[in-house]
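The report below is meant for someone meeting this structure for the first time. Please keep the sequence and the 3D view at hand while reading.

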Amino acid sequence: MVGGAHPTKMANDHQILRLGLCQHACVADPLENLRRATDLIRQAAQAGCHLAVTQELFTTLYFPQVESADHFALAEPIPGPTTDHLCALAGELGIEIAASLFEKRAPGVYHNTSVMIDHRGKLAGRYRKMHIPDDPGFFEKYYFTPGDGPPAAPGWRTYQTRKATVGTLICWDQWYPEAARLTALQGAQVLLYPTAIGFIPEDPPGIREAQRDAWITMQRSHAIANGLFVAAVNRIGVEGDLQFYGSSFVADPAGVIIAQAGREEEALLVVDCDLSRIEPQRQAWPFLRDRRIDAYADLTRRFIDPATGPDA
């Protein structure tokens, strides 16, 4: 277990959300991965965590490194065997769980999905990853259908847990300020980013460090721009051509990293988020107040082509 930040003496207990981020390596056997995550969630409950968070696709190896129809057999319905197990676990321990799964919605329709399970063991809802990458080693478009957006479904999701309003996003979503903003505008006090990110071992050390730093910096910027907490939980280990770099962390509403796990070690990162810090931060830096919502219509366009008329 890795200890994280703890509340100040002035903070009231009801303003503290204690997170448990479950960082671990994965193997080919989904049941073994579920067992490892279950052990970490039990440790989180013993440490007094209110909410335990898994890494992205935590029951499997990161299979989108290649395109193979065989991997669709890893998907399961929601509700299904894994959510049934996690619901029973949450109810037993009295802890909330946010977990990332490969969902089979219908024949030929699959999602990268984050579920929220409440402390009574009830499935509170799901968020289906909206941004889907297609890069060397990350061929997710082959497997995942993007989450539905308006008007078919809400798209961005928040949940009122016992302690906080929590927004669930997933990995590639972390590069998009629009996703963080729209979730924050639903009242999120904490953004969760379960993640599977790493580098090719042949990459020069400078490239590796630049990529890891960009990943951290981008999510710190979401915390700053929206005045809330951001929690990212990544896997560790080498799988195929990728070396995952762990480094799970929590940033506070000023973007300061208040706790971070190592790059290679399995860890339960226990972090206290003092929610009373959000309002003073937003008062000092009132970014939400000063938004020019009347001037943002063009954000719905794919690209703004250069003007060619007489007024250009």
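## Helix contact and the sheet beside it

In helix α3, Pro 177, Ala 180, Arg 181 and Ala 184 meet Met 218, His 222, Ala 225 and Asn 226 of helix α4, where contact means heavy atoms within 4.5 Å. The residues of this contact divide into five nonpolar, two polar and one charged, with Ala, Val, Leu, Ile, Met, Phe, Trp, Tyr, Cys and Pro counted as nonpolar, Asp, Glu, Lys and Arg as charged, and the others, Gly among them, as polar. The model is predicted, so to speak of local features requires pLDDT of at least 70 and side-chain atom pairs count only at pLDDT 80 or more, while totals for chains, interfaces and linings use all residues. Residues are numbered from 1 along each chain as its sequence is written, and side-chain values use heavy atoms, with hydrogens and water left out.

The axes of α3 (residues 177-184) and α4 (residues 205-226) come within 10 Å and cross at roughly 35°; axes are lines fitted to C-alpha atoms, for helices over the stretch in contact, and angles run from 0 to 180 degrees between N-to-C directions. Helices (H or I, at least four residues) and strands (E, at least two) are DSSP runs, numbered from the N terminus.

Strands β9 (residues 157-160) and β10 (residues 165-168) run antiparallel and are joined by four bridges, forming a hairpin with four residues between them. Arg 157 stands opposite Thr 168 in β10, and Thr 168 in turn has Leu 192 in β11 as a bridge partner. Strand β10 and strand β11 (residues 190-195) run parallel, with three bridges between them.

## Backbone and charged pairs

Most residues other than glycine have a negative phi, and most peptide bonds are trans. The peptide bond from Ile 78 to Pro 79, however, is cis, with omega near 0°, and Pro 79 lies in the loop between β3 (51-53) and α2 (81-93). Leu 57, in the loop between β3 and α2, has a positive phi near 50°. Ser 247, in the loop between β15 (242-245) and β16, has a positive phi near 65°.

The count of salt bridges comes to 18, each being a side-chain nitrogen of Lys or Arg within 4 Å of a carboxyl oxygen of Asp or Glu.

| Salt bridge | N to O distance |
|---|---|
| Glu 103 and Arg 126 | 2.7 Å |
| Lys 129 and Glu 140 | 2.8 Å |
| Arg 292 and Asp 294 | 2.6 Å |

Glu 103 lies in strand β4 (residues 96-106) and Arg 126 in strand β6 (residues 123-128), so the pair ties together parts that are 23 residues apart in sequence. Is Glu 103 buried or exposed? Glu 103 counts as buried at 2% relative accessibility, where buried means under 20% relative accessible area, exposed over 50%, and partly exposed in between (1.4 Å probe, protein chains only). Arg 126 is partly exposed at 26%.

How values were computed
Two strands pair if DSSP finds at least two bridges between them.
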